[in-house]
Structure formats: structure tokens, C-alpha cells
Amino acid sequence: MSYEHLLREAAQQKVDTYEMPMTSRNKGFYSDKVIWINKHISTNIEKACILAEELGHYYTTSGDITNQSVLCNRKQEKRARNWGYNRLISLDMIIEAHKCGIRNRYELANYIGVTEEFLDSTIHHFQEKYGFSATVGKYTICFEPLSVIEWFE
């Protein structure tokens, strides 16, 4: 899903989105129906990954969670990240990429339109959610090493 598509989604939800200079440590921030994206991020692909997480905060977070030493805040941060992972990458997308001949993580990240770091984090999320693998129809996705197996009858 493109950065522009996510910007339109935010606008439809009446969430204002701005690009502004931030320190390299801060890539994005959400508060009170406003999202800020670090203007220094050079690609729209990385901006889309950041915006997906920040939209996750809009949909799943309540209150000020900036103090990550508080367990409840860390849980909300994780929930927002997971929302972003699920918004940009699905098991069906991984299967479709396999059908198109995509064979490694670099190619998969490019095919889906996310950063390799975001893809790796999503795969880790899927491992937490499903375990070693997940089956969708006649396909089994193994998460480590990443592979897709097609079962024939």
C-alpha cells in the first residue's frame, strides 16, 4: 500500500498528517488526530511503513504512551506496530509474491513496497502470532527460513 494511499486514509479519518524535520531517532509521532512524519526520510516506501504504524496508534492507542518504561504503554506501542504490519503485509501477499517468482526477502520487500526492516519485523510478528508456519489454502508459509510450500493432492 502506497504512502499516498495511507495519506488518503488518514484524511478520510480526519487525521492530519504533516512532514516536518525531526531528529534521525524520531521517524514519526501521533497525538490527538495528528501524525508527524520525519521530513528527512528519503523514500515514500519508508514513509509508508512509518505512517502505517502511526495510523495504528490512531486506531489502537489511548492516552500518552511516550513513557515506554510503563508496561501498559509498551503493550499499546506493540499493538500499534502490529496493526501497521497487518495493514501493509498479509499472508496472501506473501503467497502472491511466491506465485510471481519472488524468492528472497529483498525481492519480497520490493514486491510488497516496504522496507526490508519492516518486512523482517512483520515476519517476526507473524511468528509470534502463528508459530513456525501458517497454512492458507493449499499453501504453507514457513517463517524461518522464509519460504512458501504449495501442497498438491
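The notes below treat a histidine, a serine and the cysteines in turn.

This is a predicted model, in which local features need pLDDT of at least 70, side-chain atom pairs count only at pLDDT 80 or more, and totals for chains, interfaces and linings use all residues. Residues are numbered from 1 along each chain as its sequence is written, and side-chain values use heavy atoms, with hydrogens and water left out.

**His125**
- His125 lies in helix α6, residues 116-130; helices are DSSP runs of H or I with at least four residues, numbered from the N terminus.
- His125 is buried at a relative accessible area of 7% (buried is under 20%, exposed over 50%, partly exposed in between, with a 1.4 Å probe and protein chains only).
- Beyond its neighbours within four places in sequence, His125 is in contact with Asn82, Tyr85 and Asn86 (contact means heavy atoms within 4.5 Å).
- The side chains of His125 and Asn82 are joined by a polar contact of 3.1 Å (a pair of N or O atoms within 3.5 Å, where within protein one must be able to donate a hydrogen and the other to accept it, and residues adjacent in sequence count only if both atoms are side-chain atoms).

**Ser90**
- Ser90 sits in the loop between α3 (71-88) and α4 (91-99), and is partly exposed at 26% relative accessibility.
- The Ser90 side chain reaches the backbone nitrogen of Met93 at 3.1 Å.
- Ser90 and Met1 are 89 residues apart in sequence and 11 Å apart in space, C-alpha to C-alpha.

**Cysteines**
- The structure holds 0 disulfides (pairs of cysteine sulfur atoms within 2.5 Å).
- Cys100 is in no disulfide, and the nearest cysteine sulfur, that of Cys142, is 19 Å away.
- Cys100 is exposed at 52% relative accessibility, whereas Cys72 is partly exposed at 46%.

How values were computed: Helix = DSSP H or I, 4+ residues; strand = E, 2+ residues; numbered from the N terminus.
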